[in-house]
Amino acid sequence: MNMYIHELKAGKRSTIIWTVTLLAILILYMSFYTMIKNDADAFVKIMEGVSPVIRQALGIAINQITSPLGYYSFVFSFILFLGALQGMNTGVNIISKEVRDKTADFLLTKPKTRVSIITAKLLAGLTCILITGVIYIIMSAIAMSLFTGETYNMTALILISTTLLITELIFYTLGFLTAVIFPKIKSVISVSLPVVFAFYFAGLMASITGDELYRDLSIFKYFNPMYIILNSSYETKYLMLSVAIIIVGFALSYVIYSKKDVHAV
Amino acid sequence: MIKVIEINNLTKNYGKSRGIVDVSFDVMEGEIYGFIGPNGAGKSTTIRTLLSLIYPTSGSAKIFGLDCVKDAATIKKDIGYLPSEVFYYDGMKVKDLLNYSASFYNKDCSKRIKELTDIMELDVNKKIDDLSFGNKKKVGIVQGLLHEPKLIILDEPTSGLDPLMQQKFFQLLKEENEKGATILFSSHILSEVQRLCSKLAIIKEGKIIKIETMSSINDNNYKKFKVEAADEIGEDYFGIKGVTDLVIKGNEASFLYKGDINAVMQKVAGLKIVNISVIEPDLEEIFLHYYEKEA
Amino acid sequence: MNIFKREMRANLKSLIVWSLSMVMLIGAGMGKFSSTSGASAEMTELISSLPNSLKAMFGFGNFDLSKAIGFYAILYLYIIVMGAIHAAMLGAGIISKEERDKTTEFLIVKPIKRHTIITNKMLAAFVNVIILNVITFSVSYKMVSMFTLDASLFGQIGMMMFGLFMIQLIFLTIGAAFAAINRNSKKAPVLATSTILIAYFLNMAVQLSGNLSFLKYFTPFQYFTADSILNEGTISIGYVVLSIIIMVGMLTVTYSRYEKRDLMV
C-alpha cells in the first residue's frame, strides 16, 4: 500500500498535465464546430451545378463528418493520439525510473516480493489512467452539448470516449512491458513518442488503404467511431484483441520482472 | 553458533564475462565479517545475489536459514543494506525518503530515525537533490539502519565520508554489532576491514582464495622488529629459528619474526635496549602475500 | 574535432534507426499507392473547391490522389513530423546528455572552451540532419518516380525536402536551446517534444478554423506545406526568413545560456 501511494504521488503531476491537455484539445477543436457546420451547409448549397451522383456521394460524406458525432469522431482521433502517448509514457516511466534514478536497489532490498512491487506499480499507473479516462468521458459529453447544441446518440458518444481509456490501457501495457524488457531507458519520451507515432502512422495507412493487416497492427483503428455510431457497440474481434494484448502484456511483464537480474548502475 | 549467512557453491555467469565461481562461506551470528578483494573481483555480484537483485546460475545461499531466492521478502525484513552508490528519488526531502523507507517495515522507526539523523548530523528537511555526495551517503546509512536490522550488508560503504564521519559510522556499526547485529562488510580498503572485522574472506577473480579469522591472520604472520641497543649487536645474536630478513647495523637491528614470541623476547631482554618497536604487518602486506601466492 | 567525431559515432545507431524508419514510412506509404484509386476528375475538382476546414477534415487536402505526387503529399505531413521529432530529440539530447550521464566533469575539465563544445555538438547534429535529408530525398524521389516521371517532379520533391530540412533545423535548435537553458537534464527532451505536439495541434487548429489563421506563424508545420508547394509551385521567402530568424535566435540562446549557466554534476 505504501508503494502504491508513493507511486500515485509521483504520478499526480503528470496525470493532471495530461488530463488538462486532453481537455484543452477537446474544447479547442470542438469550439470550431458551429463554424465548420456553416461552411459545410454553404458548400452543400452551392453544389447545385454538379452531377447528382457526385453531389449525393460528397453530400453524404460531408453530412456524416459534420454531424455532431461525426465531427466529434474526427476530433477524437487527435485525442486518441495524445492518450496513447500518455499511456505509453506512464507505463515506461513507472518501471524505468527506478533504474534511471538508481532507486532500484532501494526498492528491491525492502522486504517485498517483486510481484508485490510490480503490482503496486501496475495499479498506481492504472489508477492515473483511469482518472484521466473517466474525467475525459464526462467532459466529452459536456463539451458535446455545449458546442453542438444538437441532439446526438449519447450511448455512442460514451462508447467512443471510452475507447480512449481502452487505447490508453493498451499503450500503458506496451510501455510497461517495454520498460521491463529494456531496463536502461534514459529518456522516456524518446522511446514512447516514436513508438506511438509508428502505430499512428500504421493507422493512417489502414484508413487510406482499408488493409486489414494494417488495421490489426494499428491499435488506433481498433475502434471505428462510424461503426460505433451505427451499431452502438464495439466490434467484438477488436475488443477481444485489446483485452488479449493487455492480459498477455501484463502476464509477460510479471514473468520477466520476477526473473530478471537487477544490475548495479 | 547460528549461521546467519550460508553460501554454498554460489556461481553467477554473466554470459562469458566475469561473475563468481563456486563461492562458499558462512557468516555466524554476531560476527563482523569482512569481504575483501580488488575492484571487479565479484564482491558486489555476491552481495547482489544474497539480496536477490540478481539470481544465481547455480549453487545457493541462505540467510537466517531461509533460501535467498524463495524467501527473499521475508529475509529482507531483517536486512539493512547500504550500497556503494546511494540512490535518491526526485524531489523528495530527506525525511520523506526515510519515512518511505520505514513504511516498508511493520514497526515504528521514528525514534531510531531521530537518533540516527542526530548522530549523522543530517538535516531532514533538505531536499535530497541538493545534498552533497557525502550527505547523500549519510541518508543511505540512516536508511539502511533505521529498522534495526539483524543483518547489515555493506557494499563499499565508506567512500565519500570524511574521516570524522567514517569514525562515527564505524562506531555506529560496532554498537549495532554489540546489540546483536551481524555485519557483512565488503571493501577493497584493507585498513578499514582490519579495524572493524573479526573474520574475513578474500575474493579474487570471482573465487574465494582465503577465509581466515582476523586473529589468526595476525598471529600467523610476521611481526616486524626494530631494536636499538646501547651497545653493538653481534652479527648472529638474533640467529634463532623464525627470524628472517635480518639486518644489523652497529647498534641497530631489524628483522621479521614468526614463531613463539617468548623466544625472541628472551633474546631481546638480553640486550640493553634503547628503543624497540614491534609492528604488526598491515593487511595490505598479508593481502599481497596471498595474492602473490595465488597468482 | 574529437568531440565532433565522438558525437557522430555516438549518434550513428540512432541515425540508422531513424533513416530506416523514414525509408519504411515512405516505402509503406507509397507501396500502397495505385493510380486507379483516385477519384474522378469531376470529384477532384469539386473537392478542390471545398472550404479549407472540410479539406483538412477529409485528410486529403488539395491533392490529386490519382497521381503519385498527390499521394506522397499526404505522407509529407508525417515525414516532417517525424523529421521534427528526430531533430528535436537530437538537439535536446546532444546538449543535455553529458549532464544526464554525469560526464560533464569529464568534458568540462578538458582544455576547451564551452562554446567549442557546443559548436562541435551542433555541427555533428547538423551533419546527422543532412544525412537523414539526403536519404529521405533519394528514397522519396525513387518511390514517386517509380509511378510517374515528369520534369517537375524533381523540383517539387526538392522543395518539399527543403521544407523538411528547414523544419528539422528549427526543431534541432529549439531542442538544443531547451537543453542549454534547463539545469534538469531530463526536462529538455520533454519540453522539445511538447513543442512539436503543440505545433502539430496548432497546425490542425489553423486548418480547421478560418479565423485563427494568424496563428500559422507559430507553427513551423504551416511554413512549408505540401499544399502550397504543389498548388502554388513556390516556397514563401517570408517563411524561409522567419525560419532562419528562429534558428539564429535559438542558437544564440543555446550558446549564451550554456556559456553562463552552472553545469550540474
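Which residues have the most contacts inside the largest nonpolar core? They are Val196(A), Ala84(C), Ala88(C), Ala92(C), Phe171(C) and Ala176(C). Keep in mind that this is a predicted model.

**The nonpolar cores**

- The largest nonpolar core has 149 residues, and helix H4 of chain C (residues 68-100) gives the largest share of this core, with 20 residues.
- Take Ala92(C), one of the residues with the most contacts inside the largest core. Leaving aside residues up to four places away in sequence, Ala92(C) touches Gly175(C), Ala176(C), Phe178(C), Ala179(C), Ala188(C), Pro189(C) and Ala192(C).

**Chain B as a whole**

- Chain B has 295 residues, and 37% of them count as buried.
- You'll find 10 helices and 14 strands in chain B.
- Along the principal axes, the C-alpha atoms of chain B fill a box of roughly 70 × 45 × 35 Å.
- Look at the contacts in chain B with a separation of 6 or more: 70% of them are between residues 24 or more positions apart.

**A closer look at helix H5 of chain B**

- Helix H5 of chain B runs over residues 133-145, which makes 13 residues.
- From its first C-alpha to its last, H5(B) reaches 19 Å, close to the 18 Å expected at 1.5 Å a residue.
- H5(B) is mostly covered, with 10 of its 13 residues buried.
- The buried residues of H5(B) include Lys137(B) and Lys138(B), along with Val139(B), Ile141(B), Val142(B) and Leu145(B). Asn135(B), Gly140(B), Gln143(B) and Gly144(B) are buried too.
- What does the covering? Among the elements over the buried residues of H5(B) are E6, helix H3 (94-102), helix H4 (110-119), strand E7 (151-155) and helix H6 (163-178), which belong to chain B.

**Where chain B meets chain A**

- The contact takes 23 residues from chain B and 18 residues from chain A.
- On the chain B side, the elements that give two or more residues are helix H1 (43-50), helix H2 (72-76) and strand E6 (79-82).
- H2(B) supplies the largest share of that side, four residues.
- By class, the side of chain B that touches chain A has 15 nonpolar, five charged and three polar residues.

How values were computed. Residues numbered from 1 in each chain as written. Chains lettered and ligands numbered in written order. Predicted model: local features only at pLDDT ≥ 70, side-chain atom pairs only at ≥ 80, totals over all residues. Contact = placed C-beta atoms within 7 Å. Nonpolar A, V, L, I, M, F, W, Y, C, P; charged D, E, K, R; others polar. Core = buried A, V, L, I, M, F, W, Y, C linked by C-beta atoms within 7 Å. Buried ≥ 20, exposed ≤ 12 C-beta atoms within 10 Å, placed from the backbone. Expected span 1.5 Å × (residues − 1).
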